[in-house]
Amino acid sequence: MSFLGQFFAKRSSAPIARDRLQILLAHERTSGEGQSELIAKLREEILDVIARHVPIDRDKVQIKLDRGAAVSTLEIDIEVPQLKKKVDAPEKKPDAVEAGIKKNLETKADPASGKQTLPTGP
Amino acid sequence: MAKVLVVTSGKGGVGKTTSTAALGAALAQTGQNVVVVDFDVGLRNLDLVMGAERRVVFDLINVVQGDAKLSQALIRDKRVETLSILPASQTRDKDALTADGVERVINELREKFDWIVCDSPAGIERGAQLAMYHADEAVVVTNPEVSSVRDSDRIIGLLDSTTAKAKAGEKINKHLLLTRYDQARAARGEMLRVEDVLEILSIPLIGIIPESEEVLRASNLGSPVTLSNPDSAPARAYFDAVRRLQGENLEMQVPTDRKSLFSKLFKWRFA
């Protein structure tokens with residue numbers, strides 16, 4: 001790191017700490033205990049809907065959360081196995097396709113960021 | 001074989017969480033697969049010090065109670081690929097953490113990681129005992145201050161009597177990590193010296209972390225000090241501690257920050 005870079009980096013850590021705490025505490029004060037239950041419930045219901053149409057392995061579901069000041073994103077990655085045709089050679093492994101669903105957690109979020117994406121398999 | 005390391009102290013505020021983050025990151029920076037586990041149920045902070053507070057979905061208690069799979073609760077560090085975090089629960093009842101549940105999680109972690117670094121809560125109650133129960137190694141974090149040294153002595157007693165290893169008649173490897181050490185004050189006789197603390201506690205020393213402004217800066221940024229400023233004195237002390245933990249025999253020293261006269265003057269001018 002350059003001397004100047006180090007100088008600026010050193011002076012700027014307290015505002016970063018303040019911002020991080022404000023975002024964190026705003027979420028903790030409003031959501032409290034319900035947060036992890038809400039996410040667990042959302043996951044179950046989303047998985048139920050998808051499972052109605054495609055067979056999925058519930059252990060191969062990854063959930064990511066990123067809390068921001070105005071918008072939080074909940075990302076659910078579901079591995080959807082490629083549907084096998086009966087004529088396929090049995091040793092050929094099915095390619096897994098990932099379906100990502102981004103769901104907005106906050107109602108006040110702007111509608112543009114509430115889009116849902118569900119990439120379909122090849 | 002996987003090793004379970006507990007970072008404990010008895011007394012609060014001596015640097016357990018800071019040291020867990022720094023030691024865990026330093027181990028991962030050597031290429032080892034590391035998970036840091038927060039056992040401070042109700043008052044989690046390891047996620048914040050590691051900069052992962054916005055990404056917590058599930059926690060240790062969700063895994064213990066079967067609400068989430070371990071792989072779903074683990075948060076992969078964005079800076080070091082081989083480093084993961086298992087956060088504690090923020091709001092739930094401490095009693096939700098059961099001995100059986102913790103054992104199941106630790107056994108599952110042993111299959112995935114080389115090092116499982118457990119951040120103990122302060123005190124000597126159930127939470128602290130659960131954090132140390134499965135440990136193979138223990139780092140006892142101590143400040144050169146009377147109450148901290150006394151509490152460390154209590155904790156060392158517990159490590160030798162209430163852990164799984166102790167109950168099986170085996171010895172747990174205990175290491176002393178002296179934090180917030182000020183060599184100048186110790187030399188002037190204003191602070192307990194390293195030798196004084198070692199004589200009282202009589203466990204091997206694994207590192208001396210000098211008092212440094214870099215430690216607060218690291219926690220402000222949400223980054224272990226070994227990542228935020230790897231060249232700083234505390235970071236070098238943590239890197240050395242990790243090498244000793246891995247069996248290297250290094251000469252013990254107190255790293256100091258190398259500052260040029262110019263940068264000191266500059267800092268003073270704008271302080």
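Here are some exercises with worked solutions on chain B of this predicted model.

**Exercise 1. Find the order of the strands in the sheet of chain B, and say which strands stand at its edges.**

Solution. Start with the whole sheet. It is open and built from eight strands of chain B, in the order S3-S4-S2-S5-S1-S6-S7-S8. The pairing in this sheet is mixed. Now look at the two ends of that order: S3 and S8 (205-210) of chain B are the edge strands. Each has a single partner strand, so one side of each has no neighbour in the sheet.

**Exercise 2. Work out how strand S4 of chain B pairs with S2(B) and with S3(B).**

Solution. Take S2 (residues 34-38) of chain B to begin with. S2(B) and S4(B) run parallel and are joined by four bridges. Along this pair, Val35(B) sits opposite Ser84(B).

Next, turn to S3 (residues 75-76) of chain B. S3(B) and S4(B) are antiparallel, with two bridges between them. Here Arg76(B) is the residue opposite Ser84(B). The link from S3(B) to S4(B) is a hairpin of six residues.

As background, strands in a sheet pair through backbone hydrogen bonds, in a parallel or an antiparallel way.

**Exercise 3. Decide whether Ser84(B) is buried or exposed, and list what it touches.**

Solution. Locate the residue: Ser84(B) belongs to strand S4 of chain B. Then check its accessibility. The cut-off for buried is under 20% relative accessible area. Ser84(B) has 6% relative accessibility, so it counts as buried.

For the contacts, set aside residues up to four places away in sequence. Ser84(B) then touches Val34(B), Val35(B), Val36(B), Leu74(B), Ile75(B), Arg76(B), Asp77(B) and Phe113(B).

Finally, widen the view to the strand (residues 83-86). Leu83(B) and Ile85(B) are buried on one side, and Ser84(B) and Leu86(B) are buried on the other, so both faces of S4(B) are covered.

**Exercise 4. Describe where Ala52(B) lies and which residues it contacts.**

Solution. Ala52(B) is in the loop between helix H2 (46-49) and helix H3 (60-64) of chain B. With a relative accessible area of 2%, this residue is buried. Leaving out neighbours within four places in sequence, Ala52(B) is in contact with Asp47(B), Ile75(B) and Ile85(B). One of these, Ile85(B), is a buried residue of S4(B).

**Exercise 5. Describe how helices H7 and H10 of chain B meet, and how H7(B) sits on the sheet.**

Solution. Begin with the geometry. The axes of H7 (residues 146-159) and H10 (residues 194-201) of chain B come within 10 Å and cross at roughly 35°. Their crossing is right-handed.

Then name the residues. From H7(B) come Val149(B), Ser152(B), Asp153(B) and Ile156(B), which meet Val197(B), Ile200(B) and Leu201(B) of H10(B). Sorted by type, the residues of this contact are five nonpolar, one polar and one charged.

For the sheet, look at S7 (residues 173-181) of chain B, which runs parallel to S8(B) and is joined to it by four bridges. In this pair, Leu178(B) is opposite Ile208(B). H7(B) packs on the sheet and touches S1 (3-8), S6 and S7 of chain B. The direction of H7(B) makes about 165° with that of S6(B).

**Exercise 6. Characterise the surroundings of His134(B).**

Solution. His134(B) is placed in the loop between helix H6 (126-133) and strand S6 (137-142) of chain B. Its relative accessible area is 15%, so His134(B) is buried. Beyond residues up to four places away in sequence, His134(B) touches Val4(B), Ala99(B), Val102(B), Glu103(B), Ile106(B) and Arg110(B).

Methods:
Residues numbered from 1 in each chain as written. Chains lettered and ligands numbered in written order. Predicted model: local features only at pLDDT ≥ 70, side-chain atom pairs only at ≥ 80, totals over all residues. Heavy atoms only, no water. Buried < 20%, exposed > 50% of the residue type's maximum accessible area, 1.4 Å probe, protein only. Pairing = 2+ DSSP bridges. Axes fitted to C-alpha atoms, helices over the stretch in contact; angles between N-to-C directions. Left-handed = near helix turned anticlockwise from the far one by under 90°. Contact = heavy atoms within 4.5 Å. Nonpolar A, V, L, I, M, F, W, Y, C, P; charged D, E, K, R; others polar.
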